Amino acid sequence: MKSSGPSVPLSDGGEPNAPAEDLEDLYENAPCGYFSLSSEGLIVKVNQTFCRWTGFSKDELVGRRLRDLLNVGGRIFYETHFAPLLRMQGFFNEVALDVMTAAGEKLPVLANASERRAQNGDVLFTRVTIFPAAERRRYERELADARAAADARNRDLTERWVAEREQGELREQFIAVLGHDLRNPLAAIDAGVRLVLREQPGERIATVARLIQGSTLRMSGLINNLLDFARGRLGGGMAVQLDVSKPLKPTLQQAIDEIRAVVPERVLQMHLEVDVPVAVDHARIAQLFSNLLGNAITHGDPLEPVNVDVATRAGQLTISVANSGPPISPAAMETLFQPFYRGEGKASQQGLGLGLYIASEIAKAHGGRIDVVSHANETCFTFVMPIV
Amino acid sequence: MPLFSLKKNNVHQTGSGITPIVFSHGFGCDQNMWRFVAPAFEKDFKTVLFDHVGAGGSDLSAYDSVKYGSLDGYADDVVEMGRELDWREVIFVGHSVSAMIGVLASQRAPGMFSKLVLVGPSPRYIDDEGYFGGFTAQQIEELLEGLADNHMGWSAAMAPAIMGNPDRPELAAELTNSFCRTDPAIARAFARTTFMSDNRADLPNVVADTLILQCADDIIASERVGEYVREHIPGSRIVYLKASGHCPNLSAPDEVVRAIRSFV
């Protein structure tokens, strides 16, 4: 190819003395680098712009290969990727390369190339266009770094999440085993106390035995809550066995009697009005009721009665348990039904914080819910479920 | 037995011959690398083309960074393919890094490969004491950096439709979209596996009849490296091609075909 020749005017307008806009000047001083490779891949023609950018003279560039202008890493990449790509599709576009300048500096560029072929398919020459891309490369690197950082953070969070979940599962399994193992000795204590009471002991011994019996009952309730919680968390869910044939009243009465035995000094007022049969899981409803009662006893004013109202009306069963005393703070209302929620009372009065959680799970399993209303002189928990 | 490899390695078999000739591509592209070479063997052989996991049309979900962290993982895949397709005494043609994958596979499954054709082989790219590989460790790091830079340029290079090339009708749009396109993370990992490999100790154990095809002016696997391979594989032969560069299967397919023909 000729590297110079007669100028071809592109336009005849403009100032007579101004540099002519001709093809030669367009090639030499274009705002991009141009060079052409022979069929053997050697540079045969190169423009001024590319020489200026790289600091090489034309003579230094002609006869070299494109890959000779790259650093070693770039050469390997060129040989394994871009050279095959060029041969396969006849061109490549927007390829990122680092050209090594005469001063030994890296010049980040983007390159396009296209092959010119003869009729028989042989490569005649290949044209390459070069655009500087330093800023673009910097920006791309920043994006790549930001992405790498985000990926690393993601991995870190995932690992932490997995670790925490595993720890949580372990804790819940531990609770399940613990709860189960505590039941047996408790049953033995309960049987022992019953035996003592049957022997008609003196008043002092009988009082102590009843206290033990009350504590046993309370502890048994706590263990049941624990086990239910663990089962729910471990994926067992809360299963209920609904029984419509059994009357509800004796179930609730027994729960009241058990509480009364433990705190004979407290006044429990019960108003029961169950007119229609209700399909419930009796053991579960007893547990729910017992949890609500225990809650009222613990947090209510000891000098005031606890009022229980049970009714079936408008297709619903409602069981409400109300106590006097300081109200529940709005903040506490938010987390009342969360597992391991601890109330605001004295530490000695605290349970595990599972009572209300379990009660609400039982309510859900019956298709119902527990509402709570708390103001200056009364706090009332109401269980509502539809009568199907 | 279901043929897992057919999907996993995107295996394509054609040809009317009986003896399989397996073409294995190197780092950079996929089985299209053989498109000008493989058809010449379809009359006399059963040609088998495939993509290594992570390249071309392979099942990317099968990519496992631990398994493919060494060339053994790729060699295991070749052997697995051979077992599923019942290869006995077949010919294996491996380009670039696949030359060493073939060397490893042939030792893993004695009797599976009777002949190896190694195109531009290198048992180790990084120089070592008393060994010339052609690269320093730092230069290889530069390569891996360069891969990161071509994330975006790379996908953009794939995008343009092939329509502007009426003189290359054999290039379907589908080819343009998949040829050489690699998940950048996998490309980086494969580059690391390739250029950090050292299989010099495996060369003396090759029992298959071996032909080395050495290009002129190949910066990736130079003549000195090709000579080293010839010296260390017992009974191997070397043919010097006139073709220059690292991919004679694309730049001088006729010469490659002639050399392989005279060997098989």
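**Helix packing and aromatic pairs in a predicted model**

In this predicted model, one helix contact of chain A brings A:R284, A:Q287, A:L288, A:N291, A:L292 and A:N295 of α8(A) against A:G355, A:L356, A:I358, A:A359, A:I362 and A:A363 of α10(A). Sorted by class, the residues of this contact comprise 7 nonpolar, 4 polar and 1 charged.

Elsewhere in chain A, helix α5 runs over residues 134-198, and its 65 residues reach 95 Å from the first C-alpha to the last, which is close to the 96 Å expected at 1.5 Å a residue. Along α5(A), the buried residues are A:R137, A:E140, A:G168, A:E172, A:I175, A:G179, A:L186, A:D190 and A:V193. After α5(A) comes A:Q200, a residue with a positive phi, near 50 degrees.

Turning to the aromatic side chains, the structure holds 19 aromatic pairs over all chains. One of them joins A:F77 and A:F82 in an edge-to-face arrangement, with 5.2 Å from centre to centre and 85 degrees between the planes; the pair counts as edge-to-face because the angle between its planes is over 60 degrees. Both A:F77 and A:F82 are buried. In chain B, ring pairs connect B:F27, B:Y63, B:Y68, B:Y74, B:Y125, B:F190 and B:F195, so that these residues form a cluster.

How values were computed: Residues numbered from 1 in each chain as written. Chains lettered and ligands numbered in written order. Predicted model: local features only at pLDDT ≥ 70, side-chain atom pairs only at ≥ 80, totals over all residues. Heavy atoms only, no water. Contact = heavy atoms within 4.5 Å. Helix = DSSP H or I, 4+ residues; strand = E, 2+ residues; numbered from the N terminus. Nonpolar A, V, L, I, M, F, W, Y, C, P; charged D, E, K, R; others polar. Expected span 1.5 Å × (residues − 1). Buried < 20%, exposed > 50% of the residue type's maximum accessible area, 1.4 Å probe, protein only. Phe/Tyr/Trp six-rings, centres within 6.5 Å; stacked < 30°, edge-to-face > 60°.
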